[in-house]
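I opened my notebook to look up charged pairs and surface spots here. Come and read along with me.

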Amino acid sequence: MSGLKRKRNVLNVKQKLEILLELDNGESASTDAEDVLNEGNTISHSAALQSVETLLDYMGQRGFDYGDITAVRKICVDIRQEMNKQQKQRLITDFLMQ
């Protein structure tokens, strides 16, 4: 059994960026991810953030235009802000439920 390899569906950089841009616009990424991977799961903020940071590393290595890199960095900031907002909401809810 250890010799068997599991087939893994992976989004390419363009697909990830399109999904992240939709997330940035407040849309759900589940439809696009489902189309690509045939899965109905939404992308978590932490997974999206990791993908964007990986994309930034790639862009830096390949010498992408500064404006493009800045736009992708803004997506990182937006994802972090949304993560912080949701964490604050959870803390408030937890406090009120006590």
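I began with Arg80, which is partly exposed because its relative accessibility is 37%; buried means under 20% relative accessible area, exposed over 50%, and partly exposed in between (1.4 Å probe, protein chains only). I noted that this is a predicted model, where local features need pLDDT of at least 70, side-chain atom pairs count only at pLDDT 80 or more, and totals for chains, interfaces and linings use all residues. Residues are numbered from 1 along each chain as its sequence is written, and side-chain values use heavy atoms, leaving out hydrogens and water.

Next I looked up the partner of Arg80. Its side chain meets that of Glu53 in a salt bridge, 2.5 Å from N to O (a side-chain nitrogen of Lys or Arg within 4 Å of a carboxyl oxygen of Asp or Glu). Glu53 sits in helix H3 and Arg80 in helix H4, so the pair ties together parts 27 residues apart in sequence; helices are DSSP runs (H or I, at least four residues), numbered from the N terminus. Glu53 is partly exposed, at 31% relative accessibility.

How many salt bridges did I find by this rule? The count is two. Asp78 pairs with Lys74, with the closest N and O atoms 2.9 Å apart. Both lie in helix H4, four residues apart, about one turn of the helix. Asp78 counts as buried, at 18% relative accessibility.

Last, I checked Phe64. I found Phe64 in the loop between helix H3 (45–62) and helix H4 (66–97). Phe64 is partly exposed, with a relative accessible area of 36%.

Technical notes. Helix = DSSP H or I, 4+ residues; strand = E, 2+ residues; numbered from the N terminus.
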